[in-house]
Amino acid sequence: MSKNKSTIDLTSGCISLGLVKFALPLMAGNVLQQCYNLTDTLVVGCFIGKNALAAVGSAYTLMIFLTSIILGLSMGCGAFLSMKYGAKEDREFAIGNWLSFCGTGLFSILLTLLVYLLLGFTANLLAIPASIQALFNQYLLIIYAGIPATFLYNYFACSLRAIGNSAIPLVFLCLSSVLNIILCIWLVAGLGLGVAGSALATVISQYFAGLCLTIYAWRHFPQLRFKKAAMVYDQAISKSILSLAGLTALQQSIMNLGILMVQGRINSFGVNVMAAFSSAVKIDTLAYSPVQDFGNAYSTFVAQNYGAQQADRIKQVNRQASWWILAFCLVISSLVVFWAKPLLALFSSDPEVI
């Protein structure tokens, strides 16, 4: 399989340097991805008030859960592609790429249809107070439209990482994050569109990132193009992809499912507690996302070397990655605990919320 100059071969070279070089764009990219919802929360909290902050916060918890499923599926597909890329099995890579895209894409479409059908049921499930139900439903009605864009971005981001390129997705995410900030301030503060303006800014930015990354990957990375000969159903490949994708989807979504279940109980305590919990969840998500993405980079590293049958490199990266992750967790945890009140004050000036 031909290698693009912008990809990193994780099966050779210095392990620490290769892992860190590959992981940094992923970590920065996820932080930027969180900026979508952070921007919503900051702008809504500052310009509309705590009722809107509570509504957007509850919707955010639900959307993070749905997004984590799509991300997990994409990561599982990416793990399969990494192994085949490392093993230089071109045919399996091409068929796997086609089946992964079709399967994850179909799931995303069905998920979008399902959440729209359950729109009225969602507010009752999460025990949303009557005073903010209209704002909650208004936000979800628009933000759900971004699920297909989330699929496009995450699928091609994971596919590019599978062949050793973690930098390109970061570029498009940077651009879309800047676009989201500009649009959110303009639509909410400038045009006064409220939570609808916040959701619309997010969806437009998501489609910008998803479509641009798709077009770029298609044009510049021949490995990721769908070939007619590969557009076939292979039961063994499908089974392997489904096994990996199912596990990573569960891994990525299980913690967010727990937060979503807690959200329903939190909502019964009223708007002040909802707004406070919303702000705390944003900070928590922002804190753990980078280390989660370091783990994702480590998974890609292992997958490529597993495919290339480099057992010694896998053993070495296990030890090194563990120390990197431990150090990062200690530093980030200390910073968040020490700066807890100033961080919360960014989202709301209401003393009861803080």
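In the charge count, Lys and Arg are taken as positive and Asp and Glu as negative, while His and the chain ends are left out; each charge is placed at NZ of Lys, CZ of Arg, CG of Asp or CD of Glu. On that basis the protein chain carries 19 positive and 11 negative side chains, and the centres of the two sets are 6 Å apart. The model is predicted: local features require pLDDT of at least 70 and side-chain atom pairs count only at pLDDT 80 or more, whereas totals for chains, interfaces and linings use all residues. Residues are numbered from 1 along each chain as its sequence is written, and side-chain values use heavy atoms, with hydrogens and water left out.

**Overall fold**

- The protein chain contains 12 helices and 0 strands, where helices (H or I, at least four residues) and strands (E, at least two) are DSSP runs numbered from the N terminus.
- The radius of gyration of the protein chain is 21 Å, close to the 20 Å given by the globule rule for 354 residues, so the chain is as compact as a globular protein of that length; the radius is taken over C-alpha atoms, and the rule is 2.2 Å times the number of residues to the power 0.38.
- Along the principal axes, the C-alpha atoms of the protein chain fill a box of roughly 55 × 45 × 35 Å.

**Burial, contacts and surface**

- Of the 354 residues in the protein chain, 53% are buried; buried means under 20% relative accessible area, exposed over 50%, and partly exposed in between (1.4 Å probe, protein chains only).
- Among contacts (heavy atoms within 4.5 Å) with a separation of 6 or more, 83% join residues 24 or more positions apart.
- The accessible surface of the protein chain is about 15700 Å², with 71% belonging to carbon and sulfur atoms; areas come from the Shrake-Rupley method with a 1.4 Å probe, and for residues only the protein chains shown count as cover.

- Helix H2 (residues 50-86) has 37 residues and should span 54 Å at 1.5 Å a residue, which agrees with the 50 Å between its end C-alpha atoms; the expected span is 1.5 Å times one less than the number of residues.
- H2 is mostly covered, with 33 of its 37 residues buried, and is followed by Lys 88, which has a positive phi near 60°.
- The buried residues of H7 include Phe 172, Ser 176, Asn 180, Leu 183 and Leu 187.
- An α-helix has 3.6 residues a turn, so residues three or four places apart point the same way.

**Selected residues**

- Asn 267 occupies the loop between helix H9 (235-266) and helix H10 (271-307) and is buried at 2% relative accessible area.
- Beyond its neighbours within four places in sequence, Asn 267 contacts Ser 58, Leu 126, Ala 127, Ile 128, Pro 129 and Met 274.
- Tyr 306, in helix H10, counts as exposed at 55% relative accessibility.
- Not counting residues up to four places away in sequence, Tyr 306 touches Met 83 and Ile 314.
- Met 231, in the loop between helix H8 (194-220) and H9, counts as partly exposed at 38% relative accessibility.
- The C-alpha atoms of Met 231 and Asn 97 are separated by 9.4 Å, although these residues are 134 residues apart along the chain.
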